[in-house]
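Subject: Structure handover

Hello,

Here is the structure I promised to pass on. Please open it and keep it beside this note.

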Amino acid sequence: PAAFYSFSFSLNYKWTSLYPEGEEIYNYLEHITGKYQFVDKIQVNTDVSELRWLEDEQLWEATLTHMVPGTGDLSRKAMHQRIAEHGRESVYLRQEIVRARIVVSCAGGLVEPNAWPSSIPGRDSFEGPVFHSARWDHSVDFNDKNVVVIGTGCSAAQFVPRLIKKPHNAKSVTQVMRSPPWVVPKAVPPGGKEKYEKYSPTLFSNIPGMAKLFRFMCFAAGESDWFTIFDDNSWNHRTRKKLELQMVDRIKEMVPEKYHEILTPDYAIG
């Protein structure tokens, strides 16, 4: 939901849907950086090569390696390959040492995408473009192409259905999976999708506190899963089993019978 991509101190009252597309979220974040005037505080294409604590000075010392513009988005493997082919200067420019009293690490756990599996043959002979969804190549034209997607993670759940639609218009999409995921349906917004998209911008903009209340409800609903599904007690076990049966029934309703077995997870939900 859009609430998960917004800040409590600067809400967006005019989301076009409960699940806005990436461009709309990007525009919101761009608006935030301008509104609070910290664009000049953001430094991209910079690698924190080393971070150490100076006991005598009671300071952190960070070694920053400034990179060629655009290379900051490369994976480690792609960086090493580029250095091997074109030299270190094709990625790194210079180093800088800075000191600070406080350092906050915001590196996500999924910041580094997995490399191409070496166990899959044919990579060297494949003539089409290959990229990880976390490093999306916007230059690739999917129109009338046969596309293969490896994996069934959250990202795949978002972009796979879109590949056969405009503006991508892929000829076919084949998804390769190791394990089928549990897929829950999207939450339906209050009043239904059409009424929510029509009236929510007006209601959120004109009724004080309504947008904050709705945002809180979205977070509360998400956090409630811990108490109903993820804890380890007899009640949670029963709740998980009930939800699993509902999800299996949903699979049977939505997909042809020949796919029921391969799309049904063989592990517990949660």
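Below is what was found, from the whole chain down to single residues.

**Ground rules**

This is a predicted model, in which local features need pLDDT of at least 70 and side-chain atom pairs count only at pLDDT 80 or more, while totals for chains, interfaces and linings use all residues. Numbering starts from 1 along each chain as its sequence is written, and side-chain values use heavy atoms, with hydrogens and water left out.

**The whole chain**

The chain has 6 helices and 5 strands. These are DSSP runs numbered from the N terminus: helices are H or I with at least four residues, strands are E with at least two. Along the sequence, the order is α-β-β-α-β-β-α-β-α-α-α.

The C-alpha atoms fill a box of roughly 60 × 60 × 45 Å along the principal axes. The radius of gyration is 23 Å, whereas a compact globule of 270 residues would have one near 18 Å. That radius is taken over C-alpha atoms, and the globule rule is 2.2 Å times the number of residues to the power 0.38.

Buried residues make up 23% of the 270 residues. Buried means under 20% relative accessible area, exposed means over 50%, and partly exposed lies in between (1.4 Å probe, protein chains only). Of the contacts with a separation of 6 or more, 55% are between residues 24 or more positions apart. Contact means heavy atoms within 4.5 Å.

**Helix packing**

Two helix pairs are worth a look. Helix α4 (residues 193–206) packs against α5 at about 125 degrees, with the axes 8 Å apart. The two are therefore oblique to each other. On the α4 side, the contact uses Tyr196, Leu203 and Phe204; on the α5 side, Met210, Ala211 and Phe214. By class, that is 6 nonpolar, no polar and no charged residues.

Next, α5 (residues 210–230) meets α6 (residues 234–254). Their axes come within 7 Å and cross at roughly 100 degrees. So α5 and α6 are roughly perpendicular. Helix α5 brings Phe227, Thr228, Ile229 and Phe230, and α6 brings Trp235, Asn236, Thr239, Arg240 and Leu243. This contact has 5 nonpolar, 3 polar and 1 charged residues.

On terms: axes are lines fitted to C-alpha atoms, for helices over the stretch in contact, and angles run from 0 to 180 degrees between N-to-C directions. Under 35 degrees is roughly parallel, over 145 roughly antiparallel, 65 to 115 roughly perpendicular, and the rest oblique. Ala, Val, Leu, Ile, Met, Phe, Trp, Tyr, Cys and Pro count as nonpolar; Asp, Glu, Lys and Arg as charged; the others, Gly among them, as polar.

Start with Asn236, in helix α6. Asn236 is buried, at a relative accessible area of 0%. A polar atom of its side chain lies 2.7 Å from the backbone oxygen of Phe227. Leaving out residues up to four places away in sequence, Asn236 touches Phe227, Thr228, Ile229 and Asp231.

Glu61 sits in strand β2 (residues 59–67). Its relative accessibility is 8%, so Glu61 counts as buried. The side chains of Glu61 and Arg99 are joined by a polar contact of 3.0 Å. A polar contact is a pair of N or O atoms within 3.5 Å; within protein, one must be able to donate a hydrogen and the other to accept it, and residues adjacent in sequence count only if both atoms are side-chain atoms.

Lys14 lies in the segment before α1 (22–35). At 55% relative accessibility, Lys14 counts as exposed. Its side chain makes a polar contact of 3.5 Å with that of Ser205. The C-alpha atoms of Lys14 and Phe204 are 7.6 Å apart, though 190 residues separate them along the chain.

**Backbone points**

Most residues other than glycine have a negative phi, and most peptide bonds are trans. Gln37 has a positive phi, near 55 degrees. Asn45 also has a positive phi, about 50 degrees. Gln37 is in the loop between α1 and β1 (46–54), and Asn45 is in the loop between α1 and β1. Gln37 counts as exposed at 63% relative accessibility, and Asn45 as partly exposed at 22%.

A cis peptide bond joins Lys166 and Pro167, with omega about 5 degrees. Pro167 is in the loop between α3 (154–163) and β5 (172–176).

Best wishes
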